[in-house]
Amino acid sequence: MICNLKEYDCWFQRRACAPLARLLSSVGLLEQGLILENAAMELRALLTKNFAVLSLAAEGKDAGTLIGTIAGLNARLGLELPSTKAEGFVIKVSGARIIIAGQDEAGALYGIYRFLSLLALDKIDEGIEIIDAPATPFRSLTHWDNISGDVVRGYAGKSLFYKDGRVDYDEQRVIDYARLLASVGINRLAIGGIFGTGPGQLLITEAMLPDVARLAALFRPFGVKLLLNVKFSAPYTLGKLATADPLDAAVAAWWKERADLIYRYIPDLAGFVVKADSELEPGPFNYGRNHAEGANVLAVALAPHGGEVVWRCFVYNCVQDWRDRSIDRARAAYDIFKPLDGAFAGNVLLQVKFGPYDFQVLEPVSPLFGALSKTRYTLELQVTQEYTGQQIDLCYLPYNWERILGFDTRYGLRSTLRELLVDGEIAGVGAIPNVGLDHNWTGHPLAQANLYGYGRLCWDPCLSAELIAREWSALTFVDARVADTVSGLLLRSYPAYEKYNAPFGVCFMVTPAWHYGPNIEGYEFSLWGTYHRADRFAIGIDRTATGTGYVTQYAPENAALFGDPATCPEQLILFFHRLRYDYVMKNGQTLLQNIYDTHFEGYDEVKQMLELWKGLKDWIDEPTYSQVLARFECQLANAREWRDQINTYFWRKTGVADAKGRKIYE
Ligand code: GCW
């Protein structure tokens with residue numbers, strides 16, 4: 001059978017039929033509520049569309065399937081369903097009835113999506129009882145869409161929300177997006193331009209707030225609350241004040257009034273996201289104030305409305321002189337934010353990028369995790385594939401996220417990022433999505449797995465990348481044979497990408513600004529502070545205690561682990577150490593030989609992945625097949641470029657040939 005992927009529908013594909021159809025043909029809802037009613041509607045519509053069950057609304061308690069809140073169903077039916085954490089659910093299937101009950105309305109909605117995916121995976125049987133709840137309450141995505149309609153670091157077409165400087169969208173498309181988000185548990189979405197003083201900031205003016213309110217209304221039934229990206233300079237760019245100094249009384253008053261105005265339009269706005277003092281954006285440093293003073297003025301304005309300030313920690317000196325070796329960009333976030341631990345208002349969430357640099361393919365986990373004990377903070381990931389192949393190369397990101405979540409900060413007993421999330425020490429997760437107006441949402445059809453995986457991991461950070469790959473593939477490719485091959489490809493893709501990219505955690509050998517393809521010295525003499533300083537003998541930055549001292553920002557056990565090349569994970573060894581090319585690695589080969597080997601292997605891996613994809617030709621519909629094929633072909637060219645440029649670069653530097661005699665260009 002040819003697997004006919006309806007790309008637009010993502011992980012909601014048509015199935016032949018459903019078990020328990022008899023019970024599913026009448027769906028009853030005994031309570032009222034915007035999200036609950038939407039949940040019931042969604043369940044009926046998707047049962048009909050994807051499982052050919054003619055599912056009708058049923059009055060009363062006799063429906064085959066009942067949806068509601070746990071408290072509501074217990075009271076009305078005399079049940080004893082256990083309660084869960086907020087937004088959790090209980091699914092109970094007996095021969096006589098199916099119950100999908102949420103701890104709250106959102107929980108019921110998440111319950112119906114989980115139920116539908118289990119149904120599609122053939123995992124719903126009589127007698128099952130599932131109790132589940134999200135690990136963390138804040139599961140967000142931040143759009144980098146400009147109001148012009150372009151998407152910053154977007155690889156899937158234009159913005160879903162804006163066109164030519166206006167809020168302008170296809171309503172059905174936005175609803176379908178809200179469904180995708182809710183189905184994997186995303187409950188916050190930030191919109192609004194983040195750069196410059198351009199029209200993006202006009203979203204918080206009376207001229208545009210009605211548009212934003214209409215968007216918020218589309219997301220609301222799906223349990224997704226909006227956040228707004230705001231500019232720190234708004235008091236003077238919009239408010240015409242003389243300053244945006246956070247300690248100025250007029251500035252504080254302006255933010256308060258503005259917040260009051262915004263909440264008149266969007267009473268359930270989740271808050272603001274701010275990129276301040278980051279890559280030339282305005283911020284408190286402009287006024288000699290610190291970041292707690294900067295964030296708190298917004299926090300005070302939002303507090304009466306229950307809003308939160310998501311304050312990004314991506315703050316560093318981006319006009320550095322490469323000659324100056326006293327600055328290490330990797331230190332910046334910790335140096336700036338750790339001393340302020342405890343100084344932030346209770347409704348501030350610091351958002352910390354997973355690594356000290358910038359969403360690199362291989363970089364260590366930021367030392368801020370676990371180190372902030374008196375401040376609420378979230379983990380920031382990147383779903384859009386800026387440095388990871390731009391949705392041309394296949395790169396399954398949950399593979400890396402699993403590794404990040406497993407990082408042990410060594411603060412306390414339960415100290416991996418995943419434990420910190422589950423225990424509430426890390427207050428949530430944020431990321432930049434990978435979607436746009438492309439019909440398949442993500443440009444590369446298989447990049448849908450990254451969006452899916454992001455939501456699933458926010459919900460349950462203990463899930464493995466492998467399980468998620470299998471789940472997504474089986475939901476998306478109805479044919480088991482195709483699903484099997486695809487999940488295998490996903491799982492191979494990140495390690496392959498790692499191999500042909502910058503070696504061993506050295507980072508930033510990528511084409512400047514664009515960030516696709518190699519340019520080994522592209523950032524070497526730039527302002528951005530990301531140098532590798534390769535010479536004839538050695539490469540890398542010494543970040544040990546006697547080097548830039550970056551390593552001392554970690555808990556002592558990790559400082560010791562990373563600080564010694566003998567114990568430092570080799571994948572990251574060039575992030576922490578400056579090593580000679582003849583440094584002998586654990587496999588007995590030199591660093592140089594390992595660089596050659598990984599780059600030959602990375603290319604070969606892509607070649608094999610391409611062949612595996614070709615093997616699906618007769619099993620998959622033509623448009624999907626050739627779309628992915630074309631991307632694999634570009635990926636192979638990219639891997640070849642990386643392989644040859646990296647290998648030639650190091651061959652020219654060292655004059656040391658490949659021990660295996662493979663072709664390295666002069
Ligand atoms: O990865 C970098 C991007 C910038 C981006 C920045 C950020 C939106 O290259 O384009 O700015 O991250 O996280 O703010």
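## Helix α18

In this predicted model, helix α18 covers residues 591–614, a run of 24 residues. From its first C-alpha to its last it reaches 35 Å, close to the 34 Å expected at 1.5 Å a residue. The helix is mostly covered, with 17 of the 24 residues buried.

## Nonpolar cores

The largest nonpolar core has 213 residues. Phe219, Trp311 and Trp613 are the residues with the most contacts inside this core. Helix α4, residues 105–120, supplies the largest share of the core, namely 11 residues. A second core is separate and has 10 residues, among them Ile70, Leu77, Ile99 and Ala101.

Which residues does Phe219 touch, leaving aside those up to four places away in sequence? Its contacts are Phe161, Val174, Tyr177, Ala178, Leu181, Leu189, Val224 and Leu226.

## Ser415 and its loop

Ser415 sits in the loop between α11 (398–405) and α12 (417–422). Is this residue buried or exposed? Ser415 has a relative accessible area of 2%, and therefore counts as buried, the cut-off being under 20%.

The side chain of Ser415 reaches the backbone oxygen of Gly412 at 3.3 Å, which means that the pair falls within the 3.5 Å limit for a polar contact. Not counting residues up to four places away in sequence, Ser415 touches Phe407, Asp408, Thr409, Arg410 and Leu420.

Terms used
Residues numbered from 1 in each chain as written. Predicted model: local features only at pLDDT ≥ 70, side-chain atom pairs only at ≥ 80, totals over all residues. Heavy atoms only, no water. Helix = DSSP H or I, 4+ residues; strand = E, 2+ residues; numbered from the N terminus. Expected span 1.5 Å × (residues − 1). Buried < 20%, exposed > 50% of the residue type's maximum accessible area, 1.4 Å probe, protein only. Polar contact = N/O pair within 3.5 Å; in protein donor to acceptor, adjacent residues only side chain to side chain. Contact = heavy atoms within 4.5 Å. Core = buried A, V, L, I, M, F, W, Y, C linked by side-chain atoms within 4.5 Å.
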